Amino acid sequence: MSFLRTVLNDSVIIHPPGFYITGFQTLPYISVYVMFLAFVYVVTVLFNCLVIYILVFNHCLHTPKFMAVGNLAVIDVILSTSIIPNMIKVFLIKDNFVPFNMCLVQMYSYNGFLTLESFSLAILAYDRMIAICFPLRQNSINTLRSMSFIICLIWCFTVGINAFSVGIMTRLSFCNSLKVFSYFCDYIAVYRLACNDYTMQWTVANSFGFLILVVPFTLICLSYVSILVTVFRMKSLDSRVKALATCTEHIILVAVFYIPLITIFIISLYLHFIDEDQPFLSVSLASCTPPCVNPIVYSLKTKEIRNRALALVRKTKIGTDQNKERH
């Protein structure tokens, strides 16, 4: 196997042709798990596309809140597409080799859209905070223009921060094992294969990786502290219940996204005796499940989307029945 050598600041950088993804080789009942992932991917794409269709073609839903929901749906589709089809391909074709540049692309897309997923939940928390804490000024504070600006800012930040972190990977040499124990080109798994030591670069990249999860989660917590303070100042119990009920779907999404990631972090940090397959399985579930759950929660819990979805189903059914009668 030939390695590509480049010279950077009088140092030789060795890049391999690619890496071998080996996360599937030791996982028990892998065929059942892959079938589950295929089902999750189909549900993710169908439900998120349904949400996007409803939001785009119903002008009454062109509000800041549903712009944030649509942004989350787009991110969910791309995040799932960046990892699940490749996992299925590796299992079916038994071709676990990923070229070096394609590995960087996969790493960038996964990390980027996982970051966007995290910040999108923070944006939805911000929307709930404005609606509950400033009900009389909501339409002037949280406008389509301001929401568009926030979403664009988050996308630009994510593009830049992930370009930096993945760029660090091009400055590392890989001269030993090329087996990546993960289900895709995971940043940490690939970094551990490097045969040189860029401690400072790794510290900076790891800090950014920490920030893209901690900062949004902190913003979400602060938003809900403000919401709870406002809610408990309300005199009517009915008003409190109604205000908190509008946050139900968002709280479910935050729990589904963050609890697995936090659990994995704590287990990997303090419980070193766990089976090595468990983190792999947990991370893959934490990455693939939220994009599937998000549209279902919003479809069932959000009255506007639920009503539009039911109307679309009824319209489709009526059209099908009319076509049958004609034939």
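What share of the 327 residues in the protein chain is made up of buried residues? In this predicted model, in which local features need pLDDT of at least 70, side-chain atom pairs count only at pLDDT 80 or more, and totals for chains, interfaces and linings use all residues, the answer is 43%, where buried means under 20% relative accessible area, exposed over 50% and partly exposed in between, with a 1.4 Å probe and protein chains only. Residues are numbered from 1 along each chain as its sequence is written, and side-chain values use heavy atoms, with hydrogens and water left out.

The secondary structure of the protein chain comes to 11 helices and five strands, both taken as DSSP runs numbered from the N terminus (helices H or I, at least four residues; strands E, at least two). Of the contacts between residues at least 6 apart in sequence, 78% join residues at least 24 apart, a contact being heavy atoms within 4.5 Å.

Three strands form an open sheet of mixed pairing, in the order E4-E3-E5, two strands being paired if DSSP finds at least two bridges between them. Strand E4 (97–99) and strand E5 (179–180) stand at the edges with a single partner strand each, so one side of each is left without a neighbour in the sheet. Strand E3 (residues 18–21) pairs with E4 in the antiparallel sense over three bridges, and Phe19 has Val98 in E4 as its bridge partner. Helix H3 (residues 100–133) lies across E3 and E4 and runs at about 90° to E4, the axes being lines fitted to C-alpha atoms, for helices over the stretch in contact, with angles from 0 to 180 degrees between N-to-C directions.

Two packed helices are described by the angle between their axes and the distance between the axes. The axes of helix H2 (residues 64–93) and H3 come within 9 Å and cross at roughly 155°. That crossing makes H2 roughly antiparallel to H3, given that angles under 35 degrees count as roughly parallel, over 145 as roughly antiparallel, 65 to 115 as roughly perpendicular and the rest as oblique. H2 passes H3 in a left-handed crossing, a term for a near helix turned anticlockwise from the far one by less than a right angle, with clockwise giving right-handed. The residues of the contact of H2 with H3 comprise 15 nonpolar, six polar and five charged (Ala, Val, Leu, Ile, Met, Phe, Trp, Tyr, Cys and Pro count as nonpolar, Asp, Glu, Lys and Arg as charged, and the others, Gly among them, as polar).

The axes of H2 and H5 also come within 9 Å, and they cross at roughly 25°; H2 and H5 are therefore roughly parallel to each other, and their crossing is right-handed. Pro64, Met67, Ala68, Asn71 and Ile75 of H2 make this contact with Leu144, Met147, Ser148, Ile151 and Trp155 of H5, and the residues of the contact of H2 with H5 divide into eight nonpolar, two polar and no charged.

Met169 has its place in helix H5 (residues 144–169) and is buried, with a relative accessible area of 0%. Not counting residues up to four places away in sequence, Met169 touches His15, Phe100, Leu104, Met107, Phe174, Tyr187, Val190 and Tyr191. Met169 and Tyr191 are 22 residues apart in sequence, and their C-alpha atoms are 7.2 Å apart in space.

Elsewhere, Thr248 lies in helix H9 (residues 248–270) and counts as partly exposed at 27% relative accessibility. Between Thr248 and Lys301 there are 53 residues of separation in sequence and 7.9 Å in space, C-alpha to C-alpha.
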